[in-house]
Amino acid sequence: MKNIAVFGYNRLSFEAISRLDKELYQITVIDHDPIKAALARENGFETANIDFRSDDDLKLIGIGAHIDTLFCFFDTDSENVFLTLSARALDKELNIVAIVDSPESAEKLIAAGANKIIDPYEICGRKIHDMLKRPDINDIFDHTVFGRHDLHLAEVTIPENSYLENAHVAQLHLSSQYNLILIGIVNKQVSEQLHFVVEEFDRRLSVGDILVILGPSREIRAFKKDVENEFCKI
Amino acid sequence: MLAKLIVYCAYYLKSADWYRKAKLFFYDLLENSHSRKKKYFDATMIGLLILSVIFLIYDIEHEDSKMGGYFELAILMVFIVEYCLRGWIYSDTYKVIIEEYEKALYLNLDFNLLGVFRKAFVRDMEYISSPFAIIDILAILPSYRPLAILRIFIIFRLFKLFRYSNSAKLFADALASKRFELMTLLIFTCFLVFIASVSIYMFEYQALGSGIHNLFDAFYWTIVTLATVGFGDITPQTTGGRWVTIFLILASLGVLSFFTSILIAAFSEKMLSVCETRTYAELDRYDSFIIICGFGRVGQEIARHLHNDRQKFLIIDRVPARIELAKKRGYLAIESDASNNEVLINAGICRGASAILCITGDDVINVYVTLTSRHLNKNLRIISRANRHDNVNKLYQAGADNVIRPFEIAGLLAAEFVGQPVAFEAISGILHNQTETVMESVLVSEKSPLDNQQIGQLDLQQRKLTLLGVISDNPIHLKHKNKYQVKQQHFYFNPEVDFILRHGDMLVLLGRKYGIDHFRDQVEQRRLFSRKPK
């Protein structure tokens with residue numbers, strides 16, 4: 001179970017929270033506007049009434065302790081920068097996701113220690129551009145991966161003693177065995193970069209490699225289960 | 001008998017294809033401001049006009065030059081033909097004849113040929129008395145020898161320039177828009193001139209050494225002084241005359257500054273529409289472009305991408321500061337309200353626009369612009385932005401093809417990022433072309449070597465391509481599993497090796513950009529090659 005603290009309750013955070021699996025994530029919503037906090041409570045989210053400007057209050061809800069991820073979703077950039085800075089000082093390992101309103105603030109948020117910056121306007125603009133340029137591919141992704149159809153992206157880390165250890169990529173045959181498509185592999189120890197599978201057929205898998213796969217959720221679950229099972233045969 | 005022949009001719013012309021085509025051709029050439037032919041024609045005419053005036057000036061010094069005479073004749077012919085053609089396009093006499101004939105037939109009256117001619121004549125007179133036609137005739141008449149006295153009027157030909165250039169028209173329009181102010185000023189100036197002329201005449205007429213000997217001298221002096229020119233050839237000699245001068249100089253300062261301010265106001269008001277006209281004129285040259293309504297953050301982002309793609313687009317926004325920003329970045333932009341039908345029509349929504357993006361921050365405006373655009377053009381692609389979830393359906397109802405919700409997409413990405421950061425970065429990299437690997441679709445066209453081929457035979461692995469699936473609306477594929485409905489089509493995810501492709505299908509491939517391009521080129525080459533022997 002992962003713990004997420006969401007600062008700022010608005011359309012964006014509502015959408016993000018409702019996309020997260022309630023069984024895997026423990027979510028706490030914090031907003032200094034009492035009306036918004038009440039709305040969040042009404043929608044069934046756990047809320048906390050604290051002042052984000054105070055480090056003690058932040059510690060109180062578990063930053064620096066059990067909180068793994070922090071969403072800085074306040075409407076103003078200055079508040080997000082302040083919160084990011086305070087949280088980063090409390091916890092070096094915290095995963096901080098922040099939204100940005102004006103593009104100049106993105107650099108400030110990175111400097112303050114955010115891991116991921118989300119610019120809704122930029123994303124939206126890029127998305128519309130994509131709709132114009134490649135309507136068919138965009139439609140597929142909207143309806144499947146980002147939509148309601150059962151087709152998902154997933155990442156599977158190869159654990160120790162897995163049957164996949166030292167296997168060749170070409171031996172995997174995910175598409176015939178599981179109805180999954182392997183898109184790429186990331187080796188975290190070397191770099192964050194994704195190696196697309198089309199160019200890596202003769203590569204050997206090692207422990208810690210992350211496979212990025214696409215397919216229906218049932219198949220993903222089956223594959224994940226088999227990966228962890230050391231007695232499974234290719 | 002004659003009447004019958006005329007009616008027969010009228011019907012013949014109505015049904016004649018060549019006649020219609022000829023008329024359309026000349027309409028495009030002379031009147032249709034959107035046609036390219038007219039632009040070339042106008043440029044030629046302007047050249048001819050200037051040449052003819054140059055010859056006129058040359059003739060003044062060299063009276064017996066022959067070349068000038070021939071050239072003059074040629075130009076004259078062109079002008080006469082142009083004048084007649086315009087008259088021909090202006091009126092459709094055969095239509096008048098048919099209309100009258102059918103009316104007579106219906107009411108069981110005699111067909112009155114004279115009445116018809118009268119009507120046709122009235123219509124012709126309408127053309128002849130229009131301002132441009134008068135200018136045209138003034139450009140022709142001075143060349144007629146018996147009217148040699150009119151030769152000076154050849155300079156009137158330059159007025160014809162008005163016909164061929166929009167800027168001159170704009171100048172006239174600017175002045176016309178201030179008609180009331182200018183009229184007031186003119187009346188006041190007339191009074192001033194009258195009073196000043198009469199008073200200086202009264203004081204100076206008999207004065208010693210005065211230059212004013214009659215009323216015209218007084219009038220001349222008044223105008224020279226009023227215009228602040230003051231040659232000094234006539235100066236007031238009496239005290240009374242000097243008082244009149246002081247009064248006139250002070251008043252003329254007011255008149256002149258008032259006149260200048262009217263002109264400046266008129267032009268600065270017109271400036272906006274001058275810019276707009278220029279923007280529209282530039283748009284006219286493009287066959288396909290995108291209209292962006294709203295140049296906020298989203299609009300700026302899209303414009304940046306489209307600009308990089310060298311795709312043409314037009315920005316419409318109501319906020320002057322944003323338009324200024326757009327122009328600074330070198331984009332085509334109009335400061336206007338996109339919910340106005342006229343603005344959208346001028347922007348070419350029915351002509352060259354391939355898509356319109358309604359992406360302002362206000363849902364009310366987005367819905368309204370969507371509705372207006374759909375009403376104006378049924379086939380246009382409309383992408384709208386919904387800032388509130390409740391308005392998504394309204395936008396679809398208004399006729400949007402796609403509705404996008406910025407905050408929800410961002411929220412979704414945030415959630416994806418938390419759950420699966422690696423997969424998220426991978427897919428967003430592919431989708432946004434940030435990596436060398438891209439996702440693209442390849443169409444199976446008719447007679448393509450891919451048609452009727454099994455997926456297993458494509459040898460995609462050798463080409464370093466990954467097939468994600470096939471998009472198709474062909475019902476023949478419906479028996480396959482893993483299908484996902486996407487609009488009117490199906491997406492067949494991870495198709496089996498024995499999946500047979502049909503024309504119209506689209507392969508969704510993942511691979512290096514040049515790998516996919518190469519594959520596409522090969523397929524296309526083989527298709528063309530296989531067709532040649534036939």
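This is a predicted model: local features need pLDDT of at least 70, side-chain atom pairs count only at pLDDT 80 or more; totals for chains, interfaces and linings use all residues.
Me: What share of each chain counts as buried?

Reply: A residue is buried if 20 or more other C-beta atoms, placed from the backbone, lie within 10 Å of its own, exposed if 12 or fewer, and partly exposed in between. Of the 534 residues of chain B, 29% count as buried, and for the 234 residues of chain A the figure is 42%.

Me: Which residues have the most contacts inside the largest nonpolar core?

Reply: In general, nonpolar side chains tend to be buried together in soluble globular proteins. A nonpolar core is a set of buried Ala, Val, Leu, Ile, Met, Phe, Trp, Tyr and Cys residues joined through C-beta atoms within 7 Å. Here the largest one has 147 residues, and those with the most contacts inside it are Ile292(B), Leu314(B), Ile315(B) and Leu357(B). The largest share of this core, 8 residues, comes from α18(B). A second, separate core has 11 residues, including Ala196(B) and Trp221(B).

Me: How many residues of each chain take part in the contact between them?

Reply: Two residues are in contact if their C-beta atoms, placed from the backbone, lie within 7 Å. Chain B gives 54 residues to the contact and chain A gives 54 residues. On the side of chain B that touches chain A, the largest share, 13 residues, comes from helix α18 (residues 406-419) of chain B.

Me: Why is Ile404(B) called buried, and what does it touch?

Reply: Ile404(B), which sits in strand β6 (residues 402-404) of chain B, is buried because 23 other C-beta atoms lie within 10 Å. Leaving aside neighbours within four places in sequence, Ile404(B) is in contact with Cys124(A), Lys127(A), Ile128(A), Ile383(B) and Arg385(B). The C-alpha atoms of Ile404(B) and Ile383(B), 21 residues apart along the chain, are separated by 7.4 Å.

Me: In what order do the strands of the open sheet in chain A run?

Reply: Two strands pair if DSSP finds at least two bridges between them. In chain A, 4 strands form an open sheet in the order β7-β10-β8-β9, with antiparallel pairing. Its edge strands, each pairing on one side only, are β7 (152-157) and β9 (194-196) of chain A. β7(A) and strand β10 (residues 209-215) of chain A pair over 6 bridges, and the bridge partner of Thr157(A) in β10(A) is Ile210(A).

Me: Which part of chain B does UniProt mark as "transmembrane region"?

Reply: UniProt positions are given in the numbering used here, feature names are shortened, and annotations may be inferred rather than shown by experiment. The unreviewed UniProt entry places this feature at several stretches of chain B, among them residues 40-58 and 180-203. Residues 40-58 of chain B are 100% helix and 0% strand, with end C-alpha atoms 27 Å apart.

Notes:
Residues are numbered from 1 along each chain as its sequence is written. Chains are lettered from A and ligands numbered from 1 in the order in which they are written. Helices (H or I, at least four residues) and strands (E, at least two) are DSSP runs, numbered from the N terminus.
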